[in-house]
Amino acid sequence: MHRTHTLIATTLLAIALPAQADIAVTITPERAALGKRDDVMVTVTLTNTGTAPERILKARTPFGPAEFALFDITRDGQPVRYLGREVKRPVPRDADFLVLAPGESRSAQVELSISYDMAATGAYAVRYRGTQAAPTLKTGGIVSNTAAIFIEGRLPRGTAMPMLTNPAGPGLSYAQCSNAQQDTIAEAVAAGSAMAAQGLAYLSSGKEQGQRYTNWFGALDATRQATVNKNFTAIKDAFETKPVKVDCGCDEDYFAYVYPMQPYTIYVCNAFWTAPMTGTDSKGGTMLHEMSHFDIVAGTDDHVYGQQGAADMARTAPQRAINNADSHEYFGENSPPLN
């Protein structure tokens, strides 16, 4: 049996590169068959196969701190949960991009089990997330092979890591926060809660035809509207009834981050402290943004950052907009006000 698993695991399911793709990603496992105590190491190589330089957001590559679900991973055909950070960043600057010249390749080693639920026995398939991981490409897109890894895990085949919940009641607690910071956090959580409640009131009043909704979530569609309503209901409930904890120990230039399957802890970082309490990219909006990320709340992703990107997504890809954390934040902040 183990021999059969090893044969399966050594197979790389290569995906042919379409002509329009300009970044090719190759994922190579360090070992094709692993035990429960083994690190899941892969080498990820990005190659510019086009004829022009390509700019890729560094945060969406393996060449920096893990801030995003870079991979789509399945176990025995079922999606594997992402356990890592979902970071809210400012609008990217030129320094935030990696430039690959035509023909240039760059590689990095990544340990996957830190950020993905890979504790159970099974056949894992790992693929780079493609154009979602580098939405700024001028041309073409990203294609990836699919790497196969068999893991004899510590959990039986077919099991998954349980969703972490906190049995405590509602309330706000702090970690690594000074008295002054605690004061600011309390005001920010109250502001985020008010934004969620006001946003839900708007949705419940039948005003979806208004510009406020369509600007951030796109053309009217009953199924998408129901999803947004459900998300804001869950965000409001989390603020009002769950044990929210804010950790002030981050010293990076983000606004904040969370671990989506670890409710309801929010880590605030340097950009948070200089943001306004309300308005665009505010402290209150950051709280709403991060609360939406938790799997048990709305399970949003970070498809794009910034008002312009979110508004463009609403027009061109509303199905993504209703899963985008910044879209929920900007709808809640409503700055400048839209009816």
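Helices here are DSSP runs of H or I with at least four residues, and strands are DSSP runs of E with at least two. On that basis, the chain of this predicted model contains nine helices and 17 strands. Of its 339 residues, 51% are buried.

**The chain as a whole**

- The accessible surface of the chain is about 14900 Å², and carbon and sulfur atoms account for 52% of that surface.
- When contacts between residues at least 6 apart in sequence are considered, 73% of them join residues at least 24 apart.

**Helix 4**

- Helix 4 covers residues 222–241, and its 20 residues should span 28 Å at 1.5 Å a residue; the end C-alpha atoms are 28 Å apart, in agreement with that expectation.
- The buried residues of this helix are Arg224, Gln225, Val228, Asn231, Phe232, Ile235, Ala238 and Phe239.
- On the face turned away from the buried side, helix 4 carries the exposed residues Ala222, Thr223 and Lys230.
- The cover over the buried residues of helix 4 includes helix 2 (179–204), helix 3 (211–217) and strand 15 (243–247).
- That cover also includes helix 6 (283–293), helix 8 (318–321) and helix 9 (325–333).
- At the start of helix 4, the backbone nitrogen of Thr223 has a side-chain oxygen of Asp221 within 3.1 Å.

**Aromatic residues**

- Rings of Phe, Tyr and Trp are paired if their centres lie within 6.5 Å, and the count by this rule is 14 aromatic pairs.
- One of these pairs is formed by Tyr213 and Phe217, whose ring centres are 5.5 Å apart; their planes meet at 50°, so the pair is tilted.
- Tyr213 and Phe217 both belong to helix 3, where they are four residues apart and therefore separated by about one helical turn.
- Tyr213 counts as buried at 0% relative accessibility, and Phe217 is likewise buried with a relative accessible area of 0%.
- The rings of Phe232 and Phe331 have centres 5.2 Å apart and planes at 65°, so this pair is edge-to-face.
- Because Phe232 lies in helix 4 and Phe331 in helix 9, the pair ties together parts that are 99 residues apart in sequence.
- Phe232 is buried, with a relative accessible area of 0%, and Phe331 is also buried, with a value of 0%.
- One aromatic cluster is formed by Tyr202, Tyr213, Phe217, Phe232 and Phe331.

**Buried residues in loops**

- Asp96 is placed in the loop between strand 8 (86–88) and strand 9 (97–100).
- With a relative accessibility of 18%, Asp96 counts as buried, since the cut-off for buried is under 20%.
- Leaving aside residues up to four places away in sequence, Asp96 touches Ile56, Leu57, Lys58 and Arg89.
- Asp96 and Ala59 are 37 residues apart in sequence, and their C-alpha atoms are 7.6 Å apart in space.
- His303 is found in the loop between helix 6 and helix 7 (307–316), and at 8% relative accessibility this histidine counts as buried.
- The side chains of His303 and Asn323 are joined by a polar contact of 3.1 Å.

**Backbone features**

- The peptide bond from Pro263 to Tyr264 is cis, with omega near 0°; Tyr264 lies in the loop between strand 16 (256–258) and strand 17 (265–268).
- A cis peptide bond also runs from Ser335 to Pro336, with omega near -5°, and Pro336 is in the segment after helix 9.
- Asp76 is a residue other than glycine with a positive phi, near 55°.
- The loop that holds Asp76 runs between strand 6 (71–75) and strand 7 (78–79), and Asp76 is partly exposed with a relative accessible area of 34%.
- Asn334, also a residue other than glycine, has a positive phi near 50°.
- Asn334 is placed in the segment after helix 9 and is buried, with a relative accessible area of 15%.

Note on methods
Residues numbered from 1 in each chain as written. Predicted model: local features only at pLDDT ≥ 70, side-chain atom pairs only at ≥ 80, totals over all residues. Heavy atoms only, no water. Buried < 20%, exposed > 50% of the residue type's maximum accessible area, 1.4 Å probe, protein only. Contact = heavy atoms within 4.5 Å. Areas by Shrake-Rupley, 256 points an atom, 1.4 Å probe, with all protein chains shown as cover. Expected span 1.5 Å × (residues − 1). Polar contact = N/O pair within 3.5 Å; in protein donor to acceptor, adjacent residues only side chain to side chain. Phe/Tyr/Trp six-rings, centres within 6.5 Å; stacked < 30°, edge-to-face > 60°.
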